[in-house]
Amino acid sequence: MSFHVIVGAGALGTSLALQLADAGTRVRIVTRSGGGPEHPSVERVKADATDADELSRLTRGAEVLYNCANPPSYEMWERLWPPLAASLLEAAERTGAVLAIGGCLYGYGPVEGPIHRDLPLAATDHKGRMRARIWTEALARHEAGAVRVTEVRASDYMGSMNPMGSYPELYADQARVRRRVFTFADPDQVHSVTYVPDVARTLAAVATDERAWGLGWHVPSPEARTVREMVADMAREFGVGRPSVSRIPRPLLRASFRFSPFLREVGDLLYQWDAPYVIDADVTTEVFGVEATPWEEIVRATAAGLDARAARGSGGSRGSRAGRASRAGGATRSS
């Protein structure tokens, strides 16, 4: 039985751990809390992954070390990412494990046309520059022969596997309970979203294939849609009326930057929503055969997850499709 180590038990780490375990891989998942999914082949370990000595000990004998971590908020990136990335790289080099990084598109910065992997990493904000630096430092060690690395880059997540994991999920949840959805930017620009299980499948595919090492790979994603279209599809799945979609006035949003560090960080990324933002992952499909999950299936899974989250949060079915149908005396279709 092969042995893989995953750092991080959020949406991606959880999905990847379960996919690997179901395929017969022994998995060790490392988090500060010791959390993670329950599965007979998944060992959950409480440890500080920024401790390279401890992480190396936990990775010894592993074929792959995955970076699926994600600091809880943008304001923490500058403080938390550098030591974590350095520790993972050091542990992979010491143990001989392949380092497979779960990444994003931030490193490219503003682009014109589809986002393909041959574009330069030319980020204009500190978060994007940091993600680019994590990759280029790992790639330099790879090219020096010290370690084997690969990175998978995804757009905004869909799938509702952790609380409000992305802006599209935030807008989807607004569609569930509101008559109006408020967006940070232009709701009529197309924007790619990526299904979390597809990110996990792509990571698993590239991690053990030497054709992938030393390269970045984009995750196959469904055809890009506007926020207005996404909201309409989610509302239809929830069985509610189509809500109106309103853009928060830019002067009002910018005024909030003085009082909200989070929104100030969001402001650096508005370029992703003010123009078409479309991921090109054709090479990944061509080389590894990974294809995007159909949009309709992503909508069903996201709606079901948001309904379940709402039920857990309220101690019942308030706000869920099941609850609305029950109060109306009707039935609801299972997702």
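**Rings and their neighbours**

Arg153 lies over the face of Trp135, at 5.4 Å from the ring centre, where a charge sits over a ring if NZ of Lys or CZ of Arg is within 6 Å of the ring centre and within 35 degrees of the ring normal. Arg117 is likewise placed over the face of Trp217, at 4.2 Å from the ring centre. This is a predicted model, in which local features need pLDDT of at least 70 and side-chain atom pairs count only at pLDDT 80 or more, while totals for chains, interfaces and linings use all residues. Residues are numbered from 1 along each chain as its sequence is written, and side-chain values use heavy atoms, with hydrogens and water left out.

The structure also holds nine aromatic pairs, counted for rings of Phe, Tyr and Trp (its six-membered ring) if their centres lie within 6.5 Å, with planes under 30 degrees apart called stacked, over 60 edge-to-face and the rest tilted. The rings of Tyr74 and Tyr106 have centres 6.4 Å apart and planes at 55 degrees, so this pair is tilted. Tyr74 and Tyr106 are both buried, a term for under 20% relative accessible area, with exposed over 50% and partly exposed in between (1.4 Å probe, protein chains only).

Tyr106 also pairs with Trp77, and because the ring centres are 5.9 Å apart and the planes at 25 degrees, this pair is stacked. Trp77 counts as buried at 4% relative accessibility, and Tyr106 has a relative accessible area of 11%. Together, Tyr74, Trp77, Trp81, Tyr106 and Phe262 form one aromatic cluster.
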